Amino acid sequence: LDDNRYVDLENISGKLNYYFQCKSLLGFLFCLEYRVVQHCHLFPRALGEVVGRYNIQELHISLTEGLWRHEAWGYPVHEAPPGAEIWTWFKEGTQDIDTTWKELTGALSGLLCASLNFIDASNSLNPEFTFRPAGVVSSAQQMNSSLLRYATLPREIVCTENLTPWKKLLPCDAKKGLSTLLNAGHIHNTNYHSLALHLRPVCRDTACSKMSVELRQTVSLVYDMVILGSGNQDWSIKKLFGIGLSGACPLATMSNIYIDVTTNETGTPFQLSPNPPAIISSTRGGYESKFAVYDVKALNISGMFNIAAVYGSSKVYAVNLPPVLYANRYIIGYGQEYGGIVTKIHNGHWKPLDVIYLENIPWFIPVYLHTLKIVANGKEIQPLFKKYIPGKARSRPYYLEVALRLPARSTTEISIEFDYVFLKWQEYPPDANHGFYIGAAVITSLLPTGRNYTGLPQDGSTITSSFNASREGYLVQLRTETLIITLPTPDFSMPYNVICLACTVVALAFGPLHNITTKRLRLKDSESQTSLFKWLKLNLRFFSKSKEKQS
C-alpha cells in the first residue's frame, strides 16, 4: 500500500498556482476484482463500491469554478473546464452502457454532493479520437470508443458542499496532512479553483505482471495578490490558506512541498523563510526550472509550520510570453434568429501542429455542418477528417470532432452557424432570462516543446515524475471558455398577471353569482306588508301609553 501527497507552488505571471495531489494504490485483491472491496486502509470504501458495482475501468471527474487562462498562466497540471466534467471508460463486456452511465452519475452525485444526476443520454457522447485511456488497457479497448462516455455540466457551481465530501475520501480526511490547508473560506475566494478525481489501472512493476488501481485527488488554485489586499507580492501559506501546516499525514510515505524559484534568476527575486533544505533542477523540453523542496515528514513539525516568500523590491511587470498553443471562443450573430460559434486557435510554434477539435453542443442549439468553415491567416483550409452526428431533440446532443493541421505561426478560426429555437415552457429554468450554457470545447495536441508545460507524463503519477521528464511530445488538452446564449424566452410575467386578474374577477363575481344560484326569488305580498305595518303601529302606541302612565 502506498500513499503520496504533494503540493506544488508556482509563481506564474504574478499569480500563484497551487496543486494538491493524493495517490492511493490498493491491494492486489481489489486491483484484480473491483467487486472485492477489502483493502480500505487508504482507498475510500464508498468510491470502491461505486467502481465495482458499475464495472468502471477508468474514471475522471472535475468540479471547477473559474476559467484557466492559458495565455497568461501557461498550462495547468490537470486541465478542467468551468463547471463539472466527467468521462469514464467501462470494462469490456459491460451490458447496456447508457443505463449504467445514468446510474453511475446518480451514485457519484450523492457521493460528491454535485448535480451529476442531470447527466443522461441527452447531454452525453462517446468521442472517437479526443480521449484515450490514461491507464493500462488492451490495444483492442483503446480503439473501442463505445465503452467511453463523456459529459459536462457548465452551469455547475462548486462550493463547500463539494469540498467536504471530497476531503472525506482522503486517507487522513482533513484532520492531518496537507489537506488541513483546504479552508473553504480561503479556497472559494480565489480566481480559479478546481477539485478532481482520477482513477485508472497501472502496472505494479516494470514487467506489468501485476496490476494496481491508482486514485489521484487534485486541487488547483490560482490566487490574485491584488485581491488579497496586501499591497505587495509577499505571500505565505498562512496568508493564502488562513492556517499553518500542522504536519504530515501518518499514512503518507512522502509529503513534500515544491516551490518554483526559477524567477529568482530571471525575474524579481524573493527570499524564502525558512530556507529550503534542498533545491533541485529539472530540464524538460529544453527549458530548465528550479524548485525548492520542503520534506514535511523530515521537518518533525510540533506546532504550526509556515513558509513565507518576501520580495526585495516592488513588482516589475514584464512582457508575458504566451504558450505555444492556446485558444479563445465566442458567440457571433445578432437578434433572436441566427447565430454562430467561433473558436480561434493560436499556434505560436515555427512548425505546423496537428490538433483535434471536439464540440459537445446541446440538442436545443441546432448547428449545420455545411456552415463549418476553417480559415487560417485569411485562407480557408480543409480538415484532415471530421465526424459529425446531428443531435436529436431531448435525446442526443450535437457531436462534432475535427482533425486539422495548424500552419506555423498562425491563427486558425473555426466557425459554425446555428439557429435559435423555441422550447416548451416547462423546459426553461427558473431564471430563464439568465440564458443557456454551451460546454467548453476540447482541443487536443502533441506539443514539440515543453515551454509553459507543467502537466504530468502519461506514465507518471506525482509531480516528482515530471522532473527531467523530457519526451518527444507533450500531450495537452485545452478547454475553452463556456458560452451562454439567450434563447427566445416567453414573458413569464404574463401568466402571473393573468392569474391575478382572473382571481380578482372571480372573487368579485363570486358573491352575486352565489346569491343568484342559491337563493329563490319571490314576489312581495302587499297585504302582509300592511298587516305588519299595523302591528308595529299598535305596539308603538302601547309603549307610549305605558310610559305616560308611569310618568
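**Entry 1: α2 against α4**

I began with the side of α2 that faces α4: Ala46, Leu47 and Val50 of α2 meet Leu104, Ala107, Leu108 and Leu111 of α4. For me, a contact means heavy atoms within 4.5 Å. Helices (H or I, at least four residues) and strands (E, at least two) are DSSP runs, numbered from the N terminus.

This is a predicted model, so local features need pLDDT of at least 70 and side-chain atom pairs count only at pLDDT 80 or more, while totals for chains, interfaces and linings use all residues. Residues are numbered from 1 along each chain as its sequence is written, and side-chain values use heavy atoms, with hydrogens and water left out.

How do the two helices cross? The axes of α2 (residues 45-53) and α4 (residues 97-112) come within 10 Å and cross at roughly 175°. That makes α2 roughly antiparallel to α4. My axes are lines fitted to C-alpha atoms, for helices over the stretch in contact, with angles from 0 to 180 degrees between N-to-C directions. Angles under 35 degrees count as roughly parallel, over 145 as roughly antiparallel, 65 to 115 as roughly perpendicular and the rest as oblique.

I also sorted the contact of α2 with α4 by class and found seven nonpolar, no polar and no charged residues. Here Ala, Val, Leu, Ile, Met, Phe, Trp, Tyr, Cys and Pro count as nonpolar, Asp, Glu, Lys and Arg as charged, and the others, Gly among them, as polar.

Which residues of α2 are buried? I noted Leu47, Gly48, Val50, Val51 and Gly52. Buried means under 20% relative accessible area, exposed over 50%, and partly exposed in between (1.4 Å probe, protein chains only). A reminder to myself: an α-helix has 3.6 residues a turn, so residues three or four places apart point the same way. Just after α2, Asn55 takes a positive phi of about 60°.

**Entry 2: confidence and totals**

I checked pLDDT (the predictor's confidence in each residue, from 0 to 100). The protein averages 84, and 87% of the residues score at least 70. Over residues 1-37 pLDDT stays under 50, and for that stretch the model has 175 contacts beyond four places in sequence.

The secondary structure comes to 13 helices and 26 strands. Of the 551 residues, 50% count as buried. Among contacts between residues at least 6 apart in sequence, 75% join residues at least 24 apart.

**Entry 3: aromatic rings**

I searched the whole structure and found 17 aromatic pairs. One of them is Phe291 with Phe467, a tilted pair at 5.0 Å centre to centre and 35° between the planes. Phe291 lies in strand β13 (residues 287-295) and Phe467 in the loop between β24 (442-447) and β25 (474-479), so the pair ties together parts that are 176 residues apart in sequence. Phe291 counts as buried because its relative accessibility is 8%, and Phe467 counts as buried at 14%.

My pairing rule is that rings of Phe, Tyr and Trp (its six-membered ring) pair if their centres lie within 6.5 Å; planes under 30 degrees apart count as stacked, over 60 as edge-to-face and the rest as tilted. I also wrote down one aromatic cluster, formed by Trp363, Phe364, Tyr428, Phe436 and Phe492.

Pro274 sits in the loop between β11 (270-273) and β12 (278-284).

Asp96 has a positive phi near 50° and is not a glycine. I placed Asp96 in the loop between β4 (83-90) and α4, and Asp96 counts as partly exposed because its relative accessibility is 49%. Asn377, also not a glycine, has a positive phi of about 55°. Asn377 is in the loop between β18 (373-376) and β19 (379-380), and Asn377 is exposed, with a relative accessible area of 51%.

**Entry 4: two loop prolines**

Is Pro383 buried or exposed? Pro383 counts as buried, at 19% relative accessibility, and belongs to the loop between β19 and β20 (385-389). Leaving aside neighbours within four places in sequence, Pro383 is in contact with Ile374, Val402, Ala403 and Leu404.

Pro407 is in the loop between β21 (398-406) and β22 (410-419) and counts as partly exposed at 28%. Not counting residues up to four places away in sequence, Pro407 touches Asn347, Pro352, Ala376 and Thr412. Pro407 and Lys351 are 56 residues apart in sequence and 7.2 Å apart in space, C-alpha to C-alpha.
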